[in-house]
Amino acid sequence: MRVLVTGACGGVGSWTVEHFASEGHDVVGVDLRTPERSRENVDFKAADLTDYGETRQLVEAAEPDAVVHLAAIPDPEDHAGSRVFETNVTSTYNVLDAAGAAGARVVQASSESLYGTVFSEDDWLPDALPIDEETPTEPEDPYALSKVVGEEVAARVARRYGVGAVSLRSSWVTYPGETRTREAREGFDPETAALSGNGWSHIDVRDLVRAIEAAIDAEIDGHEAVLVAAAENFLGRDTAATIEAVHGELPATCAIEGTESIFDCSKAARVLGWESDHSWRDAEDASVAGPGFL
């Protein structure tokens, strides 16, 4: 299989490139700049994905079976909002339209933030927990809004070109061996803790890469938005009790037990055959070599 991956030098993108290359697939890795090191089975290309002609030419030349679109400005707090929205939406349209025209299957990174989580300025809580794909999207920030628009672009591409498209609504991505979740857990005090729109949810990058692979392999007609997250929060605390302690209340409907994530990923199991394998319990002390080309 030939897979084109955008954002190839980013966190998730580099792990995705490494995985598919290690499995013997031909990979075209696209980013604004190429890495200093090469990688067997990978052809790195530098491109400005906000340029439609350049993007279309790149995808046509690659002749991919699947396109995995991960390139984006991920943080609305470090960039002007208009730049975040325009860059993300324009690059998504260009990449997905070119992929559809080439007859390639599409998988793209969406986000939990489109529900109004993470970057909300208010004490955000949904009307019901857990959150699933039917929960209304309520974006407040330009990044989340770009993801809502990006999913509509994917649906349009699926209709226009008859290709399968999956938007993975991933939670906060964590990496083996890093200490962020441990530091958050060890210093956690409900009385002083910052509000958490995502209920201290996360997903191990290895599980996210598996979800990308499962989305490519799945028999998808049209467009599907699919939540992917670890099965439990990274605090190791009762989820509902912690939300109530920090936020001061719970939604009227709350069907979360124990340390369960606030995100219901049953659709991922049903549509993609995917379930998470990792959590902070095995990831924090894991020694796993990351992508060697960075």
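A cavity, as I use the word here, is a set of grid points where a 1.4 Å probe fits but cannot get out, and its lining residues have an atom within 4 Å of a point. The model I am reading is predicted.

**Entry 1, cavities.** I counted 3 cavities of 30 Å³ or more. The largest cavity holds about 50 Å³ of space. I listed its lining as Thr 174, Tyr 175, Glu 178, Thr 181, His 202, Asp 204, Ser 279, Trp 280, Ala 283 and Glu 284. By class I have 3 nonpolar, 4 polar and 3 charged residues around the largest cavity.

I then looked up the second largest cavity, with about 40 Å³ of space. Its lining consists of Trp 124, Leu 125, Pro 126, Leu 129, Ser 196, Gly 197, Gly 199, Ile 243 and Ile 262. Here I noted 6 nonpolar and 3 polar residues, and no charged ones.

I went to Arg 206 in helix 6, which spans residues 205-217. Is Arg 206 buried or exposed? I put Arg 206 down as buried, because its relative accessible area is 17% and the cut-off for buried is under 20%. Leaving out residues up to four places away in sequence, I found that Arg 206 touches Trp 15, Pro 176, His 278, Asp 282, Ala 283 and Val 288. Of these contacts, Ala 283 is also on my list for the lining of the largest cavity.

I looked up which residues of helix 7 (residues 239-247) are buried, and wrote down Thr 239, Ala 240, Thr 242, Ile 243, Val 246 and His 247. They lie on the same side of helix 7, because the arc they cover around the axis is only 165 degrees. I traced the packing of these buried residues to strand 6 and to strand 11 (253-254). Ile 243, one of the buried residues, is also in the lining of the second largest cavity.

I checked both ends of the helix. At the start of helix 7, a side-chain oxygen of Asp 238 comes to within 3.3 Å of the backbone nitrogen of Ala 240. Just after helix 7, Gly 248 has a positive phi of about 90 degrees.

I found a cis peptide bond between Leu 129 and Pro 130, with omega at about 5 degrees. I placed Pro 130 in the loop that runs between strand 6 (128-129) and helix 4 (142-161). Leu 129 also belongs to the lining of the second largest cavity.

Next I looked up positive phi at residues other than glycine. Glu 63 is not a glycine, yet its phi is positive, about 50 degrees. I located Glu 63 in the loop between helix 2 (52-62) and strand 4 (66-69). Glu 63 counts as exposed because its relative accessibility is 63%, and exposed means over 50%.

Trp 200, not a glycine either, has a positive phi of about 60 degrees. I found Trp 200 in the loop between helix 5 (180-186) and strand 9 (203-204). Trp 200 has a relative accessibility of 8% and therefore counts as buried.

I read about 210 Å³ of space in the second largest pocket. The pocket is lined by 16 residues, and I noted Ala 231, Phe 263, Asp 264, Cys 265 and Ser 266 as the closest to its centre. I sorted the lining of this pocket into 10 nonpolar, 3 polar and 3 charged residues.

Conventions
Residues are numbered from 1 along each chain as its sequence is written. This is a predicted model: local features need pLDDT of at least 70, side-chain atom pairs count only at pLDDT 80 or more; totals for chains, interfaces and linings use all residues. Side-chain values use heavy atoms; hydrogens and water are left out. Helices (H or I, at least four residues) and strands (E, at least two) are DSSP runs, numbered from the N terminus. Buried means under 20% relative accessible area, exposed over 50%, partly exposed in between (1.4 Å probe, protein chains only). On a 1 Å grid over the protein atoms alone, a cavity is a set of points where a 1.4 Å probe fits but cannot get out, and a pocket is an open set with protein on both sides within 12 Å along at least five of seven lines; lining residues have an atom within 4 Å of a point. Grid points are joined across faces, edges and corners, and a volume is the space filled by probe spheres set on the points. Ala, Val, Leu, Ile, Met, Phe, Trp, Tyr, Cys and Pro count as nonpolar, Asp, Glu, Lys and Arg as charged, and the others, Gly among them, as polar. The arc is that of the directions from the helix axis to the C-beta atoms. Contact means heavy atoms within 4.5 Å. A polar contact is a pair of N or O atoms within 3.5 Å; within protein, one must be able to donate a hydrogen and the other to accept it, and residues adjacent in sequence count only if both atoms are side-chain atoms.
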